[in-house]
Amino acid sequence: MATIEDIKRKVLHPYRTHRQLSLKEADFLSVELLELLSQTECHDSSTLKYVGRFLTKATYADLIDERNLIKKCGYPLCNLSQGRVRDLYENGTVSNFLKQNNPYKYLTSFCSKFHFRCSQFYQVQLSDEALFARIGVHLDDHEVTNTIVLLEEAMARERDLKSVMRDMEGLSIDGDKPDAKEELQKDLSDWLSEVKIVENERTSMMGDFVKE
């Protein structure tokens, strides 16, 4: 498992002598970070939120793909495989058609629907600003202006469906199908009513939800 200290030592160390990354340095940093997180999962929620400093929505999507290629759930806190492992030699056109018309298509990228939603909730909070423009983001004295909240935390702390829904308002869900938001609301409502929150340092919710 990758900790914050692992990321600082293995990824950030060569770039910590100056405040602004060059375009080339930012690209190298992103590649190294994705390589690390595709091979292992984040140690805890603090690590995943720290990683968000260096990701854009696009690079996070790349991370999901990289994890899937080695048969891992796309959510970086999870150590399970995705629900349906992709065949690397399948017909891409047919595969894309089937995924787009399959209500369980999220299982090709995630272990469960819950981690699919957790991933969406995380991704929508990531900045679109290029990494090289985030001055000092790789240094310890960087002041975080955008605090990421994980879906697990929002549910555990608030247990308030309307508040969680407001946080997810910016999501483009399932291609903005007419019933997508209703489906999301039902998912969250079911989880909030059925999940018993266990108060401990690292929740065991991750990946425990059965596949539908």
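**Figure 1. Lys-71 in the loop between helix 4 and helix 5.** Lys-71 lies in the loop that runs between helix 4 (57–69) and helix 5 (92–100), where helices (H or I, at least four residues) and strands (E, at least two) are DSSP runs numbered from the N terminus. The phi angle of Lys-71 is near 65°, a positive value in a residue other than glycine. The model is predicted, so local features need pLDDT of at least 70 and side-chain atom pairs count only at pLDDT 80 or more, while totals for chains, interfaces and linings use all residues. Residues are numbered from 1 along each chain as its sequence is written, and side-chain values use heavy atoms, with hydrogens and water left out.

**Figure 2. The protein chain as a whole.** The protein chain holds nine helices and zero strands, and from the N terminus on its elements run α-α-α-α-α-α-α-α-α. Of its 212 residues, 44% are buried, a term that means under 20% relative accessible area, with exposed meaning over 50% and partly exposed in between (1.4 Å probe, protein chains only). Among contacts (heavy atoms within 4.5 Å) with a separation of 6 or more, 72% join residues 24 or more positions apart.

**Figure 3. The packing of helix 4 against helix 6.** The axes of helix 4 and helix 6 (residues 113–123) come within 10 Å and cross at roughly 155°, the axes being lines fitted to C-alpha atoms, for helices over the stretch in contact, with angles from 0 to 180 degrees between N-to-C directions. Helix 4 is therefore roughly antiparallel to helix 6, given that angles under 35 degrees count as roughly parallel, over 145 as roughly antiparallel, 65 to 115 as roughly perpendicular and the rest as oblique. Helix 4 contributes Lys-57, Tyr-60, Ala-61 and Ile-64 to the contact, and helix 6 contributes Ser-119, Tyr-122 and Gln-123. Helix 6 is largely enclosed by the rest of the structure, because ten of its eleven residues are buried; among them are Phe-114, His-115, Cys-118 and Tyr-122.

**Figure 4. The largest nonpolar core and Tyr-75.** The largest nonpolar core has 45 residues, and those with the most contacts inside it are Tyr-75 and Tyr-122; such a core is a set of buried Ala, Val, Leu, Ile, Met, Phe, Trp, Tyr and Cys residues joined through side-chain atoms within 4.5 Å. At least two residues of this core come from each of several helices, including helix 1 (4–12), helix 3 (45–51), helix 7 (151–158) and helix 9 (180–194), while helix 2 gives the most, with six residues. Leaving aside neighbours within four places in sequence, Tyr-75 is in contact with residues that include Leu-48, Tyr-60, Phe-110, Cys-118 and Leu-150.

Figure 5. Arg-9 is part of helix 1 and counts as exposed, at 53% relative accessibility. The side chains of Arg-9 and Asp-6 are joined by a polar contact of 2.9 Å, a polar contact being a pair of N or O atoms within 3.5 Å; within protein, one must be able to donate a hydrogen and the other to accept it, and residues adjacent in sequence count only if both atoms are side-chain atoms. Asp-140, in the loop between helix 6 and helix 7, counts as exposed at 53% relative accessibility. Not counting residues up to four places away in sequence, Asp-140 touches Lys-8 and Arg-16, and a polar contact of 2.9 Å joins the side chains of Asp-140 and Arg-16.
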